[in-house]
Amino acid sequence: MKLLNKTVQYYFLLSVVLLLVAVPVFYFVLQRIVIANVDARLIATKTQLIPRLQVMENKQPLLDNDITLEKSGRPGAKDSLYTSDKGTYRLLTSYLVINQETYRLQIKSSLANHQALITSIIILQVLLLSLLLAGLLLINRSLARQVWKPFYNTLRKLRAYKVDQVEPLQLPHSKVNEFEELNTAVEQLAERSRKSYVAQKEFAENASHEMRTPLAIFQGKLELLMQTTPLTEEQATLITDMASASQRMARLNKGLILLTRIQNGQFPETEEVSIKKMTLHLLEQYQQQMQQKELILEQHWEEDLHISANPTLIEVLLSNLLVNAIRHNLKGGQIIVKLSAGVLTVQNTGQLYALNANRLFQRFSKNSADTESMGLGLEIVKKICDLYQFEISYAYEHPLHTFHVIMKR
Amino acid sequence: MKILIIEDEQALSKSIATYLAAENYTCEVAADCKTALDRIETFEYDCILLDISLPDGNGLQVLQALKRDHKTEGVIIISARDSIDDRIKGLQLGADDYLTKPFHLSELSARIAAVIRRRRFSGSNTLEVGGLVLDTQARTVKVNDQTVDLTRKEYDLLLYLVTNRNRVISKHAIAEHLSGDGEGLFDNYDFIYAHMKNLKKKLLQAGWQDQIKAVYGMGYKMDVP
């Protein structure tokens, strides 16, 4: 729930309670006042009437239809005031003794007018209160929106912020102290994480680069060692193992540098790339490897896709997918390459179980025991996809492992 | 033939020098820009191996100096930097080739041979080794005046063996050399065996005495007296 709605909600609740309680109470009090008023007037009329009735000779003078005077057998009862059944009259009943005879005097006063007045007042009150409430809500809403604007601005900027961005996080200034403090704190935090990210990235890149010279030395010395005579078979095996390890190290190093470069955005040059043409070219290049494994290649080209991107990266993307499909395939297996509706699909037979899709695109997550696989290929693929806003997904449907790359919507 | 190795890492320059010495190259080593500039002013070289990052400056200034003096030495840049920008910059300044560390010495040797062939023997492009006659321009091989029909890969493999003759070449180096810019993504050595088998068969059929030997599964060696 939005903070804005939260405060408004409380205001609303209070107002409703106030309305529900205040209106009946007000109504009740008002009615009491009116009745007291009427009663006072009735009593005043009675007091005015009594002396005149005492001296009255004949029976019916001065009386209008609101006042009745009747003989009554029951003397001496007290005055009584009550509201008539239907609530439209207020009645004062009094017993008088005139010329040794008991009379019952009844004075009534209509309440209908007063009732109408009360109703009008209550309606007016409800109306006023409602208006007040509505106004309050409106003012509160617009005010809150205004007051919280810097907060939402900060939030939006923060959401769009990525730690691998070259630009530091810049938040707008706010005149409200709390927001200014928040912005400063957030900016400092972002800057700290960005700096440590950059430092880490630089370290990775420098370390990868610095590693190359010692690797070259190592590889060179190994090659010289190969030339020494006499060389026994035992020594040769040891040298071969070392050479394989150094080869892997060199490839790993290459992969890491490529990853860092993609993250650094060091492939700015773009040109129009034909996915079909490039894939066909790569497939031809890997023909030998496919033949070796006796793979059956199936191709479906429903269209050609031209995208504007860095050709080197697209080649890396495509070749990694194809090489994976070849490398992790079974002997005599199948590869299906399909391009339709902006989606490139690479399917291959392989292990008879699904790969862990969650870890598939992560660094060094090896799914096979294949020592030639470094576990960097798919991460590189993912990074290139991220860069060009392609969407990549993996699925296993017996017996095919499928990679979809949505390149164009 | 003289080669100047401009490289500050002694262990590496020593390896290169030792490897190349067996091919009758005379190698000199310069560990910084200043020495390198002194050397190229005084002597003539057939090929220069140039590391870009040197302790006292950028190796590219050596390249600029060569160009300024209109020297015709072939230059191969050997660098730990492998971005396309670096490559283009180096090649634009007049380098003949660009090799990224780590590299195989056999690959370096093949590249040097190619550069020297291009620079020096513009007239004749034939290599005569152990009964084989390779025309590096037409990319053909003759045995006993009879042309052997080789595929591109087989020819590349043969040329690689010939330039590194009398040396053991590791199967890794061969795989990387043959896959070219394919980055050696596969490291599948079966295809080397296949190429090697075909190459040998074709040469034998043409009457060549086989001088290519496998060395303990480590690599191959072409023995030529």
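**Chat: the A–B interface and a cavity**

Author: This is a predicted model, and in it about 3,600 Å² is buried between chain B and chain A, with carbon and sulfur atoms giving 58% of that area.

Reader: OK, how many residues does each chain put into the contact?

Author: Chain A puts in 40 residues, and chain B puts in 40 residues.

Reader: And how many salt bridges and polar contacts hold between the two?

Author: Zero salt bridges are counted between chain B and chain A. For polar contact, the count is twelve residue pairs, both partners at pLDDT 80 or more.

Reader: Which parts of chain B supply its side?

Author: Several elements of chain B supply at least two residues each, including helix 1 (10-21), helix 5 (105-120), strand 12 (168-170) and helix 8 (190-205). Helix 1 of chain B gives the largest share, six residues.

Reader: Switching topic: how many cavities of 30 Å³ or more turn up?

Author: One, from a search of the whole structure.

Reader: Which residues line it?

Author: From chain A, the lining includes A:Gln219, A:Leu222, A:Glu223, A:Met226 and A:Ser246. From chain B, there are B:His104, B:Ser170 and B:His172.

Reader: Which helix gives the largest share of that lining?

Author: Helix 4 of chain A, with four residues. Helix 5 (233-263) of chain A also supplies at least two.

Reader: And by class?

Author: The lining of this cavity has three nonpolar, six polar and one charged residues.

Terms used. Residues numbered from 1 in each chain as written. Chains lettered and ligands numbered in written order. Predicted model: local features only at pLDDT ≥ 70, side-chain atom pairs only at ≥ 80, totals over all residues. Heavy atoms only, no water. 1 Å grid on protein atoms, 1.4 Å probe; cavity = no way out; pocket = protein on both sides within 12 Å on 5 of 7 lines; lining within 4 Å. Points joined across faces, edges and corners; volume = space filled by probe spheres on them. Nonpolar A, V, L, I, M, F, W, Y, C, P; charged D, E, K, R; others polar. Contact = heavy atoms within 4.5 Å. Buried area = accessible area lost by both parts, 1.4 Å probe. Salt bridge = Lys/Arg side-chain N within 4 Å of Asp/Glu carboxyl O. Polar contact = N/O pair within 3.5 Å; in protein donor to acceptor, adjacent residues only side chain to side chain.
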